[in-house]
Amino acid sequence: MPKNSKVTQREHSSEHVTESVADLLAHQEPVDYKRSVLNVTGEAWDKQKEGEEELDAENRPAWNSKLQYILAQIGYSVGLGNVWRFPYLCQKNGGGAYLVPYLVLLVIIGLPLFFLELAVGQRIRRGSIGVWNYICPRLGGIGYASCLVCFFVGLYYNVIIGWSIFYFFKSFQYPLPWSECPVLRNGSVAVVETECERSSATTYFWYREALDISNSISESGGLNWKMTLCLLVAWSLVGLAMIKGIQSSGKVMYFSSLFPYVVLVCFLVRGLLLRGAVDGIMHMFTPKLDKMLDPQVWREAATQVFFALGLGFGGVIAFSSYNKQDNNCHFDATLVSFINFFTSVLATLVVFAVLGFKANIMNEKCVVENAEKILGYLNTNVLSHDLIPPHVNFSHLTAKDYNEMYRVIMTVKEGHFKELGLDACLLEDELNKVPVQGTGLAFIAFTEAMTHFPASPFWSVMFFLMLINLGLGSMIGTMSGITTPIIDTFKVRKEVFTVGCCIFAFVVGLIFVQRSGNYFVTMFDDYSATLPLTVVVILENIAVAWIYGTKKFMQELTEMLGFRPYQFYYYTWKYVSPICMAVLMTASIIQLGVSPPGYSAWIREEAAEKFLFYPTWAMAILISLIILASLPLPLVFILRQFHLVSDGSNALSVTYKKGRMMKDISNLEDNDETRFILSKVPSETPSPMPTHRSYLGPGSSSPMEMSGAPNGRYGSGYLLASTPESEL
C-alpha cells in the first residue's frame, strides 16, 4: 500500500477512525456503515454510545499483578468444601482409593472446563452475561442463570461465615464455652442440662447456644438476634471487600487466600504431635480398592470436582476478564486446579490427624467406662476374679489390657455375655465411624477435638479465622459472578450496585437466621445449585465446542496464547466433557427421584437428630428454586429465537487504531448482506486470523495450504486482535 494513502496515514495516526470493511478494501474515504447504505441493521448511529463502548473496553480495570490474580482464583476455588466436604467423601468412599477417581475426573472434566471458562473470559473481557451473549446469543440465558445461582449460593454461604464469626468471638475465653455442659442450679441443687447430658457439650452449644434451633422447618421461632448481627457483620465485610471491584477485592485476597494455608500447616504440625494422629492418617490413606468399582463413588467425585473449581458460577469468567489478552490462561488453569487438589489433600491430612486424636480420646473414655462396669461385676460376684489376667492393673488400664480381658470374659460368659453390656472399645471401630460432614465437622467434631488441645482458645481462634477467610475468598468470587456481568451489561455504578446488592441479600438472608434457619441452609445447599449449574456448564461446553466450533475456538486460542493448546483439549471439549457432564446430570436427576427430599432435624426432647421430609410448602420452595435458577435458559432462547428481543445479529463494525484492528461479528447468516460486503463469493471471504497460526483440529490440512495470502488479505498490520471486541 502506498505510504501516502489515506488508510496508511490513519494507521500511523493516533486519531481514532471508524470505517467499513468495504472502505478498507477499496482504499477509499472512510464511510461509517451506520450512516451509509450498507447499514443492514436499521439501527440509528450513536457516535457517543460507540465511543463509550470502545473507551470502556480500553479502560477496563486490570489486576495489579499476576500473583494477585492467581490468589483471587485460588481464594475463589478453595473454599469450605475443601475442609469439610472432601475429607468426608474421602473417608466414605474408600480412603486413599477415592483419590484415584477424583484425580482422573479432575483431569478429564475439571481442568478442561476450567480452562474453557478462563479462556472465554480473558478473550472477550466481559462477565458471564456478555460472554455468552457474544458467543451464542440464543444461549445468552447461561449468563443470567449463573447470576441467579450465584445469588442463591451467596445468600446461604454468607450465613456460614456469620456462624464462623460467632464462634470466632466466643473463642476468646478459657475454658472454651463448648467444653463442658452447663450446670443448672436450683438452690443448693446443681443439675447438668438434660439436653446436653444426653448428647455432648459441643453438640449442645451448636444447636442450643449458637442456633437455638427449632424442632422442624415448620417452626420458625422468630429471629435469632445473635446470628442476625453476625450475618450483618458478614455482609458488611463482603460489601467492603467488593465495593471498589478488583481494586479492593484483589488486596483482600492477599490475606484471605494465604492465611488459610498458614493455619492448615500449623494445624498439621500440631496434629501430628498429638497422640493417635498417625492412627487417623494411616486409616485415612489405607485404600479400599473395591470402592473404585462403585459408580456412586465416581458420581460423588465428579460432583466434588465440579463444585470445587467453581464451574458455572461466573466467578471464574469474571476474574479472568480483567486479564491482559496475552496472559497464559492455560498455565493458570493447570496451576489453580492442582493447587485446589493439593489443598483438599492437605485439609484431609489435618482433619484426620485431629480425628485420629479424638478417636483415641473416645476409645480411652470407652475403656474407663467399661472397666468400671467390670469392677462392679467383680464386687457383686457376677464375674469371678479368676477371669482377670494377673498383670491387669485397673488403676492404669491400657486399651490392650482391656481388650485381652474383654476376650476372656466373652469366651467364658458366652451364653450371658450380652447381658453384661460391655463394649469392645476398639480404636478401629472409632475410626470406621462415618465422619460427619459440613457444619457438623466444623462446628461439632472439630470443636470438640480442640477442647483437648493445650492452649485450646488459641487454636479455636485460628481455626475459625481460617473458616472466615476461606468463606470470604469464595464469597468475593461468587459476588463477582453477579456484579461483573451486571455492571458490564447494564452500565450501572459499581459502588451503588454492590452496596444495594449486599443490603438486599442481607434482608432476604434473614430467612436463614430464624431458629429454623439451619434447615433452609440445608435446602438451599442441596437443591438451589446442583442441577441448574450442571445444566449451565453443559450448555457452556456445547456453546463453545459445537455451536461456535471447537476447531475455530482452538484457532482463536492459538492466536491469543501464542502457542497451540494440546489436542487433549480438542477431544475433551468436543466429546469427553459433554458426555461426562450429561451422565452426571442424569445421575443427579435419578438421585433426586430415588431419595425423597428431606433434612435432619434436631429434636430437643430427644436430644438427637431425626430425618424429616419437607412439608408441602417447603417442597414448593425447593422446586421453585430449581425452576427459577434454570428459567433464563429457555426464556432467553425463545425470546431470541422468535426475534422478540434483539440479539445483536447482522451487526458488523470494524475499527482500527495505531495498526490494531478490532471486529465485532455476531451471528452472521450465510446469505446476508455482510457476505456481499466482505467479498463477492464465499471463497473470497478473508480469514479473520493470521493463517500462519491457524489450528483447525487434529488431522486437518496445513493452514499454509488453505490460503494463498501468507498474512491474510489485509496484511499483518490490521490483524493484531487485542481487545474485547476481537472475535472469539
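Mentor: One convention before we start: Ala, Val, Leu, Ile, Met, Phe, Trp, Tyr, Cys and Pro count as nonpolar, Asp, Glu, Lys and Arg as charged, and the others, Gly among them, as polar. This is a predicted model, in which local features need pLDDT of at least 70, side-chain atom pairs count only at pLDDT 80 or more, and totals for chains, interfaces and linings use all residues. Residues are numbered from 1 along each chain as its sequence is written, and side-chain values use heavy atoms, with hydrogens and water left out.

Trainee: How many helices and strands does the protein have?
Mentor: There are 29 helices and seven strands. Helices (H or I, at least four residues) and strands (E, at least two) are DSSP runs, numbered from the N terminus.

Trainee: And what share of the residues is buried?
Mentor: Of the 728 residues, 55% are buried. Buried means under 20% relative accessible area, with exposed over 50% and partly exposed in between (1.4 Å probe, protein chains only).

Trainee: Where does UniProt place the "binding site" feature?
Mentor: The unreviewed entry puts it at G75, V78, N82, N340, L470 and S474. They span 400 residues in sequence, yet no two of their C-alpha atoms are more than 12.7 Å apart, so they gather at one spot. UniProt positions are given in the numbering used here, feature names are shortened, and annotations may be inferred rather than shown by experiment.

Trainee: Take G75. Buried or exposed?
Mentor: G75 counts as buried because its relative accessibility is 5%. G75 sits in helix α4, residues 66-77.

Trainee: What does G75 touch?
Mentor: Not counting residues up to four places away in sequence, G75 touches M253, S257, L470, G473 and S474. Contact means heavy atoms within 4.5 Å.

Trainee: Which helix holds S474?
Mentor: S474 belongs to helix α22, residues 456-490. S474 is buried too, at 6% relative accessible area. Leaving aside neighbours within four places in sequence, its contacts are G75, Y76, V78, G79 and Y157.

Trainee: New topic. How many cavities of 30 Å³ or more are there?
Mentor: Five. On a 1 Å grid over the protein atoms alone, a cavity is a set of points where a 1.4 Å probe fits but cannot get out, and lining residues have an atom within 4 Å of a point.

Trainee: What lines the second largest cavity?
Mentor: The lining includes W163, L211, F512 and R515. It divides into six nonpolar, four polar and one charged residue. The volume of the second largest cavity is about 60 Å³, where a volume is the space filled by probe spheres set on the points, and grid points are joined across faces, edges and corners.

Technical notes
On a 1 Å grid over the protein atoms alone, a cavity is a set of points where a 1.4 Å probe fits but cannot get out, and a pocket is an open set with protein on both sides within 12 Å along at least five of seven lines; lining residues have an atom within 4 Å of a point.
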